[in-house]
Amino acid sequence: MAKRNSNGCHGRCVDLADTVPAADYLAHEALKRFSQTTEARPEGSVLFEEGAAPTGVFLLRAGRVKLSVSSRKGKTVLLQVASPGEFLGLGAVLAGRPYEMTAQTVSPAEVVFAPREEFIRFLRERPPVCLEVIRLLSYELIAAYERVRTLRR
Amino acid sequence: MRTPYGLDIIDNCMTCNLREDRLFCNLSQGALKNLQQIRSTASYPTGAVLFVEGQAPRGVFVLCQGRAKLTASSADGKTLILKMVEPGEVLGLGATVSGRNYEATVELLEPSQANFIRRDDFLKYLKEHGEVALRVAQQLSQNYHSAYEEIRFLGLSHSTAEKVARLLLEWSQKGQAGKDGVRMKVTLTHEEIAQMIGTSRETVTRVFSDFKKRKLIEIKGSTLVIRNKPALEQMTNS
């Protein structure tokens with residue numbers, strides 16, 4: 001494994017994909033590409049709403065975001081609380097489907113927004129990055145099935 | 001060429017005429033040529049199991065023809081159907097890519113043909129073909145989206161009646177509307193429906209009887225007719 005240089009990168013970024021956990025490498029690359037759209041959000045800010053058209057992916061840089069689903073009758077289920085380094089809305093954006101859940105900050109937060117078209121272009125141009133997204137999605141899918149199993153009891 | 005299970009085997013991805021509506025298979029000629037080299041095809045009878053929950057991931061299976069169900073065991077040992085698999089889907093993606101054990105079992109519901117691609121070959125193929133990697137990401141996202149629809153539904157609904165109503169409404173989207181209602185073929189047993197929604201067969205049978213008594217549905221053999229769709233819609237949470 002090469003030593004980290006002053007950027008915090010290993011010498012050859014392609015190798016990074018094999019040695020660093022998926023999300024870290026991906027967050028690093030996404031930041032390099034999209035950091036100019038970093039925004040500060042106050043506590044209680046809604047990043048996206050369940051059922052809305054997928055405008056883009058959010059990378060959480062700081063703070064915490066709660067992900068939930070709710071029914072028309074007002075019942076809400078909390079799915080998880082996201083931490084810095086996590087991607088939000090990835091599934092919806094790639095599938096071209098509405099956001100599956102509502103994302104709302106539970107603390108002051110810093111997010112990077114990657115618009116849908118540009119994010120997909122980013123993946124198309126960078127197969128190693130795309131592979132990491134696939135890895136990340138597969139972990140999330142497995143977790144989703146786990147969740148289904150728990151709820152089925 | 002026909003096989004013992006009565007299937008017409010599709011010998012070559014490049015000349016396959018089912019490709020066009022399939023997310024994964026509809027690739028450029030170059031990508032298809034390389035795919036053809038790394039896949040091995042086989043036909044399987046009804047009931048065959050492609051992989052079992054908990055097994056180490058050997059690779060992915062592309063379901064060329066046929067139908068399958070994806071099942072997993074719940075915390076208390078019951079079998080749950082996670083989803084039904086249609087032709088064109090790539091199975092075992094999550095496990096193959098992440099290196100984790102297969103998260104579910106795949107069992108074939110009819111004679112089927114599937115292409116197997118070894119894990120190493122598949123990962124190398126993805127690295128070399130950006131367009132395929134993107135399609136795989138899209139399929140995973142669609143699976144994720146469906147899983148979340150399920151989570152949302154399970155988290156928010158209460159009774160088995162609600163869940164059966166929702167399932168019938170989902171199926172009715174592929175049914176035919178007529179003057180007596182929406183008709184569709186139901187090929188799952190009560191036991192399988194129970195596995196899909198996480199309840200007992202007896203409860204499902206009771207719900208169906210109740211729906212029939214209330215004239216919400218009518219059952220003639222394997223054909224189900226929804227006579228009162230608005231009533232079913234009112235039952236479901238959203």
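**Close-up views of a predicted two-chain model**

Chain B has a mean pLDDT of 88, with 98% of its residues at 70 or more; pLDDT is the predictor's confidence in each residue, from 0 to 100. This is a predicted model, in which local features need pLDDT of at least 70 and side-chain atom pairs count only at pLDDT 80 or more, while totals for chains, interfaces and linings use all residues. Residues are numbered from 1 along each chain as its sequence is written, and chains are lettered from A and ligands numbered from 1 in the order in which they are written.

**View 1. Confidence in the model.** Let us start with the scores: ipTM is 0.75 and pTM is 0.74. Within chain B, confidence is lowest in helix H6 (residues 190-197), with a mean of 81, and highest in strand E2 (residues 49-51), at 97. Helices (H or I, at least four residues) and strands (E, at least two) are DSSP runs, numbered from the N terminus.

**View 2. The open sheet of chain B.** Four strands of chain B form an open sheet in the order E2-E7-E4-E5, with antiparallel pairing. Strands E2 and E5 of chain B are the edges, each pairing on one side only. From one strand to the next, the twist averages 30 degrees; axes here are lines fitted to C-alpha atoms, for helices over the stretch in contact, and angles run from 0 to 180 degrees between N-to-C directions. Two strands count as paired if DSSP finds at least two bridges between them. E2(B) and E7(B) are joined in the antiparallel sense by two bridges, and B:Val49 stands opposite B:Glu107 in E7(B).

**View 3. Strand E4 of chain B and its two partners.** Why is strand E4 (residues 68-73) of chain B largely enclosed by the rest of the structure? Five of its six residues are buried, so E4(B) is largely enclosed. Buried means that 20 or more other C-beta atoms lie within 10 Å of the residue's own, exposed that 12 or fewer do, and partly exposed in between, with C-beta atoms placed from the backbone. Strand E5 (residues 79-85) of chain B pairs antiparallel with E4(B) over six bridges, and B:Ala68 has B:Val85 as its bridge partner there. Strand E7 (residues 105-108) of chain B also runs antiparallel to E4(B), joined by four bridges; B:Leu70 is partnered by B:Val106.

**View 4. Alternating faces in strand E4 of chain A.** In a regular strand the side chains alternate between the two faces of the sheet. E4(A) is joined by six antiparallel bridges to strand E5 (residues 76-82) of chain A, where A:Val81 is the bridge partner of A:Lys66. Four bridges link E4(A) to the antiparallel strand E7 (residues 102-105) of chain A, with A:Thr105 as the partner of A:Val65.

**View 5. Where the chains meet.** Chain A gives 37 residues to the contact and chain B gives 38; residues are in contact if their C-beta atoms, placed from the backbone, lie within 7 Å. H5(A) supplies the largest share of chain A's side, 20 residues. By class, that side of chain A has 21 nonpolar, four polar and 12 charged residues. Ala, Val, Leu, Ile, Met, Phe, Trp, Tyr, Cys and Pro count as nonpolar, Asp, Glu, Lys and Arg as charged, and the others, Gly among them, as polar.

Conventions:
Contact = placed C-beta atoms within 7 Å.
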